[in-house]
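Here is a friendly briefing to read alongside the model. Keep the viewer open and follow the topics in any order you like.

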Amino acid sequence: MTEHVYLGLGSNVGDSLETLTAAVLALDDVDGFALDDVSGVYETPPWGGVDQEPFLNLVVGGLTTLDPDALLTETQLIEAAFGRDRAREVRWGPRRLDIDLLLVGDRTVDSDRLTLPHPRIAERAFVLVPLLEVMPGGSLPDGRRLTALLAALAPIEGIDLVVRLDDLVPRGTPRPQGPDGGPATFVRPGSDAVANEHGRPDGSATETEGRAS
Ligand code: A4P
Ligand code: MG
């Protein structure tokens, strides 16, 4: 059986952009997993109450023939290969690389090792913003729409598009273009259109402070 799967990646230790790019390519190398789409990379304020650096986050969509447990084993091997040391971690603290299974088809799983959908999707703008890019119009298996979940977190500040990794997915759907031919913008609920430093409509500095939820 082939299923659609969505994975959330985050990093705030080391060269996060390099780590995330390499991790996406490592995922594509996993037997039984094929990369289908990758969101932009967003700089996001740390969520979870630990004082730490901002994260870079992205979401990938893929097709898999692996069962969720086997896929989790693969993602944890990739985390370890990039130097993640779980023994030294603070919960919701700094991470060299975190890969979360967000959604695997419509499955709901609640085992010691794995919960699906990932239990904190609805609370995390750093997940919902990139997830909506690769799953436009998407919903959780219980029917809650991603757009409604994101709106419920408003106002959302400090999430900024850093770069697109579209070249990693040559067969992906072409992206909508922004007004200047640059990256597409999105609008934070209750505020003006936002884009990265190349596409920001008012040319002002990119805001990095704020809160995710
Ligand atoms: N596990 C259960 N379900 C899952 C699933 N769906 N996907 C189990 C992945 N793992 C799952 O994982 C601990 C155990 O959860 C795993 O061994 C697996 O068996 P974890 O990643 O160490 O921690 P967690 O308790 O799952 O927490 P979570 O929600 O993944 O958060 P993290 O990784 O602790 O959070 N702020 C921003 N802006 N961006 C971030 O990326 N990340 C963190 C780290 C905190 N703040 C952040 C970010
Ligand atoms: Mg995690």
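## Overall picture

The chain's secondary structure comes to four helices and ten strands; helices (H or I, at least four residues) and strands (E, at least two) are DSSP runs, numbered from the N terminus. This is a predicted model, in which local features need pLDDT of at least 70, side-chain atom pairs count only at pLDDT 80 or more, and totals for chains, interfaces and linings use all residues. Residues are numbered from 1 along each chain as its sequence is written, while chains are lettered from A and ligands numbered from 1 in the order in which they are written.

**Fold and burial**

- Along the sequence, the pattern reads β-α-β-β-β-α-β-β-β-α-α-β-β-β.
- Of the 213 residues in the chain, 34% are buried. A residue is buried if 20 or more other C-beta atoms lie within 10 Å of its own, exposed if 12 or fewer, and partly exposed in between, with C-beta atoms placed from the backbone.
- Among contacts between residues at least 6 apart in sequence, 67% join residues at least 24 apart; a contact means that the C-beta atoms of two residues, placed from the backbone, lie within 7 Å.

- The buried residues of H3 (125-134) include Phe126, Leu128, Pro130 and Glu133. They pack against strand E1 (3-11), strand E2 (33-38), strand E3 (41-44), E4, E5 and H4.
- The largest nonpolar core has 41 residues, and Leu7, Val59 and Val60 have the most contacts inside it. H3 gives the most to this core, with seven residues. A nonpolar core is a set of buried Ala, Val, Leu, Ile, Met, Phe, Trp, Tyr and Cys residues joined through C-beta atoms within 7 Å.
- Leaving aside residues up to four places away in sequence, valine 59 touches Tyr6, Leu7, Gly8, Ser39, Leu102, Val127, Pro130, Leu131 and Val134.

**Strand E3 and its partners**

- Both faces of E3 are covered, with Val41 and Glu43 buried on one side and Tyr42 and Thr44 buried on the other.
- E3 pairs with E8 in the antiparallel sense over three bridges, and tyrosine 42 has leucine 161 as its bridge partner in E8. Strands pair if DSSP finds at least two bridges between them.
- E3 and E4 also pair in the antiparallel sense over three bridges, where threonine 44 has phenylalanine 55 of E4 as its bridge partner.

**Around ligand 1**

- The shell holds 23 residues, of which Gly10, Thr44, Trp47, Phe55 and Leu101 come nearest. A residue is near a molecule if its C-beta atom, placed from the backbone, lies within 6 Å of it.
- Strands E4 (55-64), E5 (98-104) and E7 (115-116) each supply at least two residues of the shell, and E5 gives the largest share, three residues.

**Backbone points to check**

- The peptide bond from leucine 116 to proline 117 is cis, with omega near -15°; proline 117 sits in the loop between E7 and H3.
- A cis peptide bond also runs from alanine 154 to proline 155, with omega near -5°, and proline 155 lies in the loop between helix H4 (146-152) and strand E8 (160-163).
- Tryptophan 92 has phi near 60°, a positive value in a residue other than glycine. It is found in the loop between helix H2 (68-81) and E5 and is partly exposed, with 14 other C-beta atoms within 10 Å.
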